[in-house]
Amino acid sequence: MKQHVIECGLTAPSSEEAMVMNVHGPAKNVNLRIDYISRTMLSNLPDLLIDLLEVAAYVYCADQRLARGSDQLSKFGESWRRSMRFKIPVRDLSVWQDPDVQEALIDTLGFLSDDSYSFEFRQAETPVQPKELYFHDLIDPADEHDEVALFSGGVDSFAGAVTDLVANNRSLTLVGHYSSTKVRSVQEGLIAELTRRGFDRRLSYIPVWVSNEGVRAREYTQRTRSFLFACLGLVVARMSGKDSFSFYENGVVSINLPLAGDVVGGRATRTTHPKVLRGLEQLFSLILDREIRIQTPLQWLTKKEVTAKIAAAGMADLLDQTVSCTRPRKWTESQKHCGVCSQCIDRRFGILAAGLGDQEPSDRYMQDLLLDDRSSGDDLRMALAYVTLFKKIAATSKERFLVDFPEIVSAVGHFPGLTTSQAGDRLFDLFQRHAKSVEDVISSAVREHGAALYRNELPAASLLSSCYNRGHVEITPPSNYDSDAKAFMDRLSMQTLEFAFDDEQDRVLFQGGLALEGANFKIVAALIEAFRSAKKRQTEVPFLPAPDLADQLSISEQSMRQQLRRLREAIEPLNVTMGIPMDQDTFIQTRERAGYRLNPRCREIAVADILAVGPTAGTP
């Protein structure tokens with residue numbers, strides 16, 4: 001795992017290994033600008049929220065600057081993830097040094113991006129005046145709207161906005177983030193159309209520019225963008241006197257199952273995953289000492305159903321002005337969708353399934369979803385992987401859903417008001433509906449282009465030809481793909497995390513020679529009996545409430561959480577030595593208000609079996 005030190009608010013690094021980032025002054029290399037804020041709103045901005053804006057900007061911009069490692073699957077475990085240590089000046093130091101705040105920040109960012117984070121906060125000696133630095137184009141008077149929502153300019157965010165404006169008769173403050181003027185022009189174009197149609201009194205738009213300055217991005221996955229976006233939403237919501245804001249995104253994208261076997265962990269985005277949103281709610285609530293809610297009104301809708309809401313609101317003619325593609329450098333005046341990225345593929349399937357293909361001509365895409373040649377690079381593999389995933393889902397029974405798609409499990413416990421069983425049932429129904437939409441689009445296209453398929457007039461590497469007769473399609477894989485993919489997926493498929501509990505030596509052993517001792521061993525010892533008992537009875541492993549765990553360890557809850565964080569850091573080398581894509585719950589699970597437990601998916605084996613294996617290659 002690559003180690004990076006990011007020193008913020010300085011003019012020069014303290015060592016050759018460190019990278020300096022600054023939002024102001026002569027060393028400024030991070031842009032943070034918020035437009036169209038009213039003077040009344042700005043007067044409600046506490047220093048704590050300015051701190052949050054700066055922290056989010058540093059995290060987001062560092063994410064773009066620090067490239068991940070090799071794309072080769074065989075090196076995924078050792079080089080894809082990054083370890084980032086931030087040193088940041090803040091105005092309200094006591095809040096940021098709170099162990100609960102740091103734990104929520106680290107855990108949420110870790111699950112969101114699959115990287116490892118640590119933060120060292122210090123008192124800002126000469127904090128800048130944010131009113132002069134970050135806010136421009138102050139306006140009067142303040143707009144009192146019903147809701148604050150995040151607005152990207154894509155299908156989902158536009159569908160959510162027009163549904164609230166038209167069907168729900170609500171007024172909105174829309175917050176748009178952009179790091180490219182092309183993205184801002186898309187958002188402003190849609191806002192202008194809504195204003196022209198009479199919604200000007202019930203609509204405000206606040207554009208926010210956050211980007212690196214003078215440095216070109218090296219990493220384009222932008223896993224932490226939703227953290228920045230959510231922080232922006234919270235700031236505007238609190239400036240408006242509200243304790244909630246909305247993310248408009250459909251539920252299939254929120255869960256975002258990996259399209260292919262090699263797309264795991266950090267490669268499968270979790271921007272609005274329910275676990276991420278609950279983690280952000282916890283972080284924001286701790287920081288502000290009040291309950292903060294993030295609403296997701298489109299959570300239980302598919303892309304087809306969300307797209308249909310635009311037509312239901314009488315805005316179908318604006319559909320082709322929305323943009324979903326995340327590759328703005330490729331956009332042209334007439335084509336703002338590459339047609340090959342997962343966002344473009346998902347968008348086009350949703351539009352066609354909703355029967356709105358006539359509202360967006362296929363030539364708006366650089367590559368047609370169904371009919372164009374996809375033999376270049378990974379273009380066909382990506383599209384086929386999308387279809388294959390939902391074909392598999394359609395053939396999966398409810399009883400097998402969580403077993404065959406274990407990535408769903410991380411979401412089921414994070415839907416307020418629903419039991420895990422209820423959430424699982426609703427997710428199964430959601431994914432089945434989306435799978436049916438994908439099938440309907442393919443079936444309809446086969447009927448429409450059946451003659452061309454029969455006469456072999458379509459490119460063999462088009463998606464439709466591949467779905468119709470895949471046996472005759474030759475897909476050229478990336479170099480060494482087959483061997484790398486097989487080796488990597490073999491490692492993942494067999495690597496249940498195994499451990500041995502050595503009570504004679506007071507240590508917990510893992511394959512590869514790694515051991516937990518001392519205070520780390522004591523945490524495992526406090527949880528092991530409940531784990532063993534549940535395994536023996538074949539029942540659910542219970543959680544041990546935080547106060548009870550702290551009592552068993554004879555330490556405070558604060559010290560217990562700090563020690564748990566150290567334990568998780570201690571087993572991070574398993575990412576490399578065993579090739580296990582780990583998150584904070586891989587060994588010891590945390591559930592809000594429930595407590596802690598050893599992950600039921602782990603397996604306890606005999607000490608002799610661990611010792612018999614011996615250290616693996618690369619073990620320190």
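# Questions on a predicted model

Reader: Is Asn169 buried or exposed?
Author: Asn169 has a relative accessibility of 55% in this predicted model. The class of exposed residues begins over 50% relative accessible area. Because its value is 55%, Asn169 counts as exposed.

Reader: Where in the chain does Asn169 lie?
Author: Asn169 is a residue with a positive phi of about 55°, although it is not a glycine. Its place is the loop that runs between helix H7 (155–167) and strand E8 (172–178). The two elements on either side of Asn169 are therefore known by name: helix H7 and strand E8.

Reader: What is the phi of Asn456?
Author: Asn456 sits in the loop between helix H18 (450–454) and helix H19 (463–468). Asn456 is exposed, with a relative accessible area of 68%. Its phi is positive in a residue other than glycine, with a value near 60°.

Reader: How many salt bridges does the structure hold?
Author: A pair counts when a side-chain nitrogen of Lys or Arg is within 4 Å of a carboxyl oxygen of Asp or Glu. Among the pairs are Arg196 with Glu193 and Asp404 with Arg400. The number of salt bridges in the structure is 37.

Reader: Which helix holds both Asp404 and Arg400?
Author: The side chains of Asp404 and Arg400 meet in a salt bridge of 2.7 Å, N to O. Asp404 is partly exposed at 26% relative accessibility, and Arg400 is partly exposed at 42%. The two residues are 4 residues apart, about one turn, in helix H15 (residues 398–404).

Reader: How many residues apart are Glu604 and Arg532?
Author: Glu604 forms a salt bridge with Arg532, and the closest N and O atoms are 2.7 Å apart. This pair links distant parts of the chain, as Glu604 is in strand E17 (residues 603–604) and Arg532 is in helix H21 (residues 519–537), and the separation is 72 residues.

Reader: Are Glu604 and Arg532 buried, partly exposed or exposed?
Author: Buried means under 20% relative accessible area and exposed means over 50%. Glu604 is at 28% and Arg532 is at 30%. Because these values lie in between, both residues count as partly exposed.

Reader: Which residues are linked with Asp35 in a network of salt bridges?
Author: Asp35 lies in strand E3 (residues 30–35). Its side chain makes a polar contact with the side chain of Arg33 at 2.8 Å. The network of salt bridges joins Asp35 to Arg33, Arg184 and Glu188.

Reader: What separates the C-alpha atoms of Leu389 and Ala435?
Author: Leu389 is in helix H14 (residues 379–394). Its relative accessible area is 8%, so Leu389 is buried. Leu389 and Ala435 are 46 residues apart along the chain, and their C-alpha atoms are separated by 8.6 Å.

Reader: How far apart in space are Asp107 and Leu280?
Author: Asp107 belongs to helix H5 (residues 99–113). At 17% relative accessibility, Asp107 counts as buried. Asp107 and Leu280 are 173 residues apart in sequence, and the distance from C-alpha to C-alpha is 9.8 Å.

Reader: Which residues form a negative surface patch?
Author: One member, Glu517, is placed in strand E14 (residues 515–517). Glu517 counts as partly exposed because its relative accessibility is 49%, and residues in a patch need over 30%. The negative surface patch is made up of Glu517 together with Asp503, Glu504 and Asp506.

Terms used: Residues numbered from 1 in each chain as written. Predicted model: local features only at pLDDT ≥ 70, side-chain atom pairs only at ≥ 80, totals over all residues. Heavy atoms only, no water. Patch = residues over 30% accessible without salt bridge, like charges linked within 9 Å, V, L, I, M, F, W, Y side chains within 5 Å. Areas by Shrake-Rupley, 256 points an atom, 1.4 Å probe, with all protein chains shown as cover. Lys, Arg positive; Asp, Glu negative; His and termini not counted. Charge placed at Lys NZ, Arg CZ, Asp CG, Glu CD. Buried < 20%, exposed > 50% of the residue type's maximum accessible area, 1.4 Å probe, protein only. Polar contact = N/O pair within 3.5 Å; in protein donor to acceptor, adjacent residues only side chain to side chain.
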